[in-house]
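Subject: Handover of a structure

Hello,

Here is the structure I said I would pass on. My notes on it follow below.

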Amino acid sequence: DGTLRHSRPGGFETFVEYLEELGYTFNSEQLRLGEQWTHHYWADSRELRADLEAAGGDTPAFWVQHAERQLRALQIEGAPAELAARINQLFDERYEPSDHVPDDAAPTLARLRTEGYALGLVSNRNDSLDPVAAELGLASYFDFTLAAGQAQSWKPAPGIFLKAAELAGCAPEAAVYVGDNFYADVQGARGAGLRPVLIDPKGIFPEPGCPVIRTLGELDEALQQVQAAG
């Protein structure tokens, strides 16, 4: 999600679009910080876990609480519950995203397989990723898939990364982890001893401390940087 599979339109962009329809305006820094928060929240954060527990799971109350937090992250004063409820109403009435796989995804994966890389698909989902990979037309490129529910470890915890390296048949320090979420992917991979590459097309994280690419098609150059760094 966000690396090989994208929602069109994206959730954050749609959230901002609805607010703009309601008369709110934002500068580029507000948007950058707001989207940073989105990445932090969905990286198995304490706030996410607390909201799920308080709301009894993925319920309407959970999404109102999420919207209130997102409003505060966008620096909207007060972040009233009424506005959060209105935003969620607009999502319920109008939001119908479709899955999109970037055009350079399949060629990049095919090239990596040709070059001898073992490839794995890893995600913070509960259930097996095999049906997802098949639905997206990418199953043939992967040697294995690993969902957090199967590993009983959610990014950024090290367990899921270490299990992925084991399935790839290599030591953690020999593995490169490519992801779009700085908190879940970069910090998680680094903490487990893997070498991260961040996909950041909007420049949300200006200094992540690792190679950065804007599209998967740039991955070859990033891998060269990783190899050069030892």
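In strand β4, F144 and L146 point one way while T145 and A147 point the other, and all are buried (buried means under 20% relative accessible area, exposed over 50%, partly exposed in between, with a 1.4 Å probe and protein chains only). Helices (H or I, at least four residues) and strands (E, at least two) are DSSP runs, numbered from the N terminus. In a regular strand the side chains alternate between the two faces of the sheet. β4 runs parallel to β3, and 4 bridges join them (two strands pair if DSSP finds at least two bridges between them). L121 stands opposite T145 of β4.

This is a predicted model, in which local features need pLDDT of at least 70, side-chain atom pairs count only at pLDDT 80 or more, and totals for chains, interfaces and linings use all residues. Residues are numbered from 1 along each chain as its sequence is written, and side-chain values use heavy atoms, with hydrogens and water left out.

Helix α9 (residues 158-168) has I160, F161, A164 and A165 buried. Seen down the axis of α9, its buried residues fall within an arc of 140°, so they line one face of the helix (the arc is that of the directions from the helix axis to the C-beta atoms). Their cover includes β3 (120-123), β4 (144-147), α8 (148-151), β5 (176-179) and α10 (182-191), where contact means heavy atoms within 4.5 Å.

The loop between α8 and α9 holds P156 and Q152. The peptide bond from K155 to P156 is cis, with omega near 15°. Q152 is not a glycine, yet has a positive phi of about 55°; at 61% relative accessibility, Q152 counts as exposed.

Another cis peptide bond runs from R8 to P9, with omega near -5°. P9 lies in the loop between β1 (6-8) and α1.

In helix α4, the buried residues are F62, H66, A67, E68, Q70, L71 and A73. They pack against α1 (11-21), α2 (28-41), α3 (46-55) and α5 (81-94). After α4 comes Q75, with a positive phi near 65°.

D200 sits in the loop between β6 (195-199) and β7 (212-213). Leaving aside neighbours within four places in sequence, D200 is in contact with F205, V212, I213 and R214.

Regards
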